[in-house]
Amino acid sequence: MVMEQKLAKAMKCEICNVKCQRFGKHRNGLARFRCPACKRTFTEPHRLTLGEMYVSEEKALLAVQLLIEGNSIRSTQRITGLDQNTITKVLALGGERCEKLMGRLIVNVPVRDVECDEIWGFIRKKEAHKKAAEANDETIGDAYCFVAIERNTKLVLNFALGRRNKATTDIFIEGLRQATSRQPFQITTDGFATYVKAISDTLDDRVDFAQLIKIYTASTEGEGRYSPATVESVEVVPVLGNPDPKRICTSIVERQNLTIRMQMRRLTRLTNAFSKKWENLWAAYCLHFANYNFCRVHRSIRVTPAMESGLTDHIWTLAELLA
């Protein structure tokens with residue numbers, strides 16, 4: 001900081017090579033200077049936060065911390081004093097960096113047990129609330145996030161956001177193939193039918209695959225609208241290879257779904273903080289999973305999932321994550 005101030009006091013015009021004079025402050029608080037010869041103005045040397053923003057790094061990190069701890073955009077605005085558009089831009093830029101980071105580091109990871117599941121959300125409005133003119137508009141309505149987690153290390157290996165259909169499933173499983181090594185492993189999914197062909201076509205050279213299908217009872221009369229359904233029976237269906245019955249499980253990824261709903265305000269039920277754009281929901285997921293993998297210590301393993309998987313050697317700070 002002292003060195004930057006000295007550099008700022010000694011600023012010279014890039015054209016005239018004349019020492020500049022102080023000329024007030026920029027709207028972001030940085031000192032301004034003006035050349036006495038050509039009257040050009042300059043801002044003191046500085047580094048843009050997240051490569052594009054004038055907001056201070058401290059406030060940007062605070063905004064990200066609040067978002068990943070379950071705050072909405074407006075509550076983050078009230079706490080930080082930042083404009084909601086600025087917070088949304090911090091979310092988008094931070095999510096973009098997290099996406100690239102995970103794409104670079106979570107590759108060819110040796111795994112033993114992988115669990116897959118989907119978590120429901122929506123963009124702008126729920127699927128059942130769409131008007132007749134919006135029936136074929138895929139940018140509105142259901143938005144499912146497919147998640148793959150390694151059962152032993154708790155590392156989120158891959159995720160994909162889209163409709164709950166074959167196209168999203170194929171993209172999700174292809175990403176899972178790139179994230180995992182050729183070492184054989186076992187994979188368990190729920191009963192969603194498109195998993196069978198996607199996994200058989202993409203991961204047949206390395207997996208034993210089984211589906212855990214849960215049959216739920218119909219809701220009884222007078223039961224609360226949002227009460228969880230009761231599991232009536234569980235059916236185990238081996239699909240590919242020779243899966244070990246003792247390792248057929250989806251409880252870890254289902255528990256991860258609860259973590260997502262607790263940490264992401266956009267997925268809290270009965271709220272008006274839901275996403276209005278696919279891009280912002282995707283950025284929120286990227287921030288959540290990157291923080292979960294690299295910054296958050298998992299209570300059962302006492303380190304971060306990335307440390308347990310051998311991807312990192314220490315607990316990352318948010319500043320490191322977004323650097």
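At 14% relative accessibility, Phe-192 counts as buried, since the cut-off for that class is under 20%. The model described here is predicted.

**Aromatic pairs**

Phe-192 has an aromatic partner, Phe-146. The relative accessible area of Phe-146 is 0%, so this residue is buried. Across the whole structure, a search finds ten aromatic pairs. Such a pair of rings is described by the distance of the centres and the angle of the planes. Two of the pairs are set out below.

| Pair | Centre to centre | Angle between planes | Class |
|---|---|---|---|
| Phe-146 and Phe-192 | 6.3 Å | 50° | tilted |
| Phe-159 and Trp-282 | 5.0 Å | 40° | tilted |

Phe-146 belongs to strand β5 (residues 141-150), while Phe-192 sits in the loop between β7 and α6; the pair therefore ties together parts that are 46 residues apart in sequence. Phe-159 is in strand β6 (residues 156-162) and Trp-282 is in helix α8, so this pair ties together parts that are 123 residues apart in sequence. Phe-159 is buried, with a relative accessible area of 11%, whereas Trp-282 is partly exposed at 24%.

Phe-146 and Phe-192 also belong to one aromatic cluster, together with Phe-172 and Tyr-195.

Strand β7 covers residues 185-189, and five of its five residues are buried, so the strand is largely enclosed by the rest of the structure. In a regular strand the side chains alternate between the two faces of the sheet. In β7 both faces are covered: Phe-185, Ile-187 and Thr-189 lie on one side, Gln-186 and Thr-188 on the other, and all are buried.

β7 pairs with two strands named here. With strand β4 (residues 113-123) the pairing is parallel and has three bridges; Ile-187 in β7 stands opposite Val-114. With strand β8 (residues 207-216) the pairing is also parallel, and five bridges join the two. Thr-188 has Ala-210 in β8 as its bridge partner. Between β7 and β8 the chain passes through helix α6 (residues 194-202), and this β-α-β crossover is right-handed.

**The cavity**

How many cavities of 30 Å³ or more does a search of the whole structure find? The search finds one. The volume of the largest cavity is about 30 Å³. Its lining is made up of Ile-68, Gln-263, His-288, Asn-291, Tyr-292 and Arg-296. By type, the lining residues are two nonpolar, three polar and one charged. Helix α8 (residues 278-294) supplies three residues, the largest share of the lining. Trp-282, from the second pair in the table, lies in helix α8.

Methods:
Residues are numbered from 1 along each chain as its sequence is written. This is a predicted model: local features need pLDDT of at least 70, side-chain atom pairs count only at pLDDT 80 or more; totals for chains, interfaces and linings use all residues. Side-chain values use heavy atoms; hydrogens and water are left out. On a 1 Å grid over the protein atoms alone, a cavity is a set of points where a 1.4 Å probe fits but cannot get out, and a pocket is an open set with protein on both sides within 12 Å along at least five of seven lines; lining residues have an atom within 4 Å of a point. Grid points are joined across faces, edges and corners, and a volume is the space filled by probe spheres set on the points. Helices (H or I, at least four residues) and strands (E, at least two) are DSSP runs, numbered from the N terminus. Ala, Val, Leu, Ile, Met, Phe, Trp, Tyr, Cys and Pro count as nonpolar, Asp, Glu, Lys and Arg as charged, and the others, Gly among them, as polar. Buried means under 20% relative accessible area, exposed over 50%, partly exposed in between (1.4 Å probe, protein chains only). Two strands pair if DSSP finds at least two bridges between them. A crossover is right-handed if, with the strands pointing away from the viewer, the path from the first strand over the helix to the second runs clockwise. Rings of Phe, Tyr and Trp (its six-membered ring) pair if their centres lie within 6.5 Å; planes under 30 degrees apart count as stacked, over 60 as edge-to-face and the rest as tilted.
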